[in-house]
Amino acid sequence: MVYSEMGDNASAKADVKASTKANAQPRIALVMIVRNEEKALPRMWASVAPHVDAWCVVDTGSTDRTPDVVGSWAEGDRGVPGGLAKQEWKDFAHNRHESLAHARKWVATHGGSGAWWGLFLDADMTLAVSGGRRLGDALGEVLRDPNAD
């Protein structure tokens with residue numbers, strides 16, 4: 001298995017640690033299993049990028065540009081740090097477990113302290129959060145007050 005860090009930029013990781021320490025809002029890590037999803041990933045990423053603090057993706061043998069598309073998530077103004085693992089497909093349960101194991105490892109190494117939540121999505125999914133809020137903020141409100149909207 002090959003695992004590589006993306007967005008290995010120290011300031012992005014420092015921002016994640018600082019934001020986790022600065023407030024009690026939950027941090028969100030996108031966790032995915034992908035294979036040949038280069039066409040679907042941009043739409044999914046556009047919907048989720050404002051809501052996640054990190055990402056961990058397991059690629060199970062893409063023959064298209066999927067790893068390049070995933071790697072680009074760490075670039076640009078809103079570069080989000082994360083990691084990409086390449087692993088052969090075994091079965092859904094095994095590969096899902098491996099994706100979570102990679103996310104836990106990434107958070108333990110780079111995530112700072114505080115609450116982290118895993119957001120599992122497929123490449124053909126999108127995320128919509130009501131009221132224009134950030135997912136971590138909405139989750140934090142619910143955790144503080146289970147009767148919150």
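The following questions and answers examine how terms are applied to a predicted model.

Q: Why is Thr66 called buried?
A: A residue counts as buried when its relative accessible area is under 20%. Thr66 has 0% relative accessibility, and therefore it counts as buried. Thr66 lies in helix α3.

Q: What makes the approach of Thr66 to the backbone nitrogen of Glu38 a polar contact?
A: A polar contact requires a pair of N or O atoms within 3.5 Å, one able to donate a hydrogen and the other to accept it. The side chain of Thr66 reaches the backbone nitrogen of Glu38 at 3.0 Å, which is within that cut-off of 3.5 Å. Apart from neighbours within four places in sequence, Thr66 is also in contact with other residues, including Val34, Asn36, Leu41 and Asp59.

Q: Why is strand β2 described as largely enclosed by the rest of the structure?
A: Strand β2 comprises residues 27–34, and eight of its eight residues are buried, so the strand is largely enclosed. Arg27, Ala29, Val31 and Ile33 point one way, whereas Ile28, Leu30, Met32 and Val34 point the other way, and all of these are buried.

Q: What makes β2 and β5 paired strands?
A: Two strands pair if at least two bridges are found between them. Arg27 stands opposite Trp116 in β5.

Q: Why are the buried residues of α2 said to line one face of the helix?
A: The buried residues in α2 are Leu41, Met44, Trp45, Ser47 and Val48. Viewed down the axis of α2, they fall within an arc of 165°, and so they line one face. The face turned away from this buried side carries Arg43 and Ala46, which are exposed. Among the elements covering the buried residues are β2, β3, α3 and β5.

Q: How do you know that the residues Ala54, Cys56, Trp106 and Val107 belong to a second core?
A: The largest nonpolar core has 26 residues, and those with the most contacts inside it are Leu30, Trp45, Trp55 and Trp73. Ala54, Cys56, Trp106 and Val107 are included in a separate core of eight residues.

Notes: Residues numbered from 1 in each chain as written. Predicted model: local features only at pLDDT ≥ 70, side-chain atom pairs only at ≥ 80, totals over all residues. Heavy atoms only, no water. Buried < 20%, exposed > 50% of the residue type's maximum accessible area, 1.4 Å probe, protein only. Helix = DSSP H or I, 4+ residues; strand = E, 2+ residues; numbered from the N terminus. Arc of directions from axis to C-beta. Contact = heavy atoms within 4.5 Å. Core = buried A, V, L, I, M, F, W, Y, C linked by side-chain atoms within 4.5 Å.
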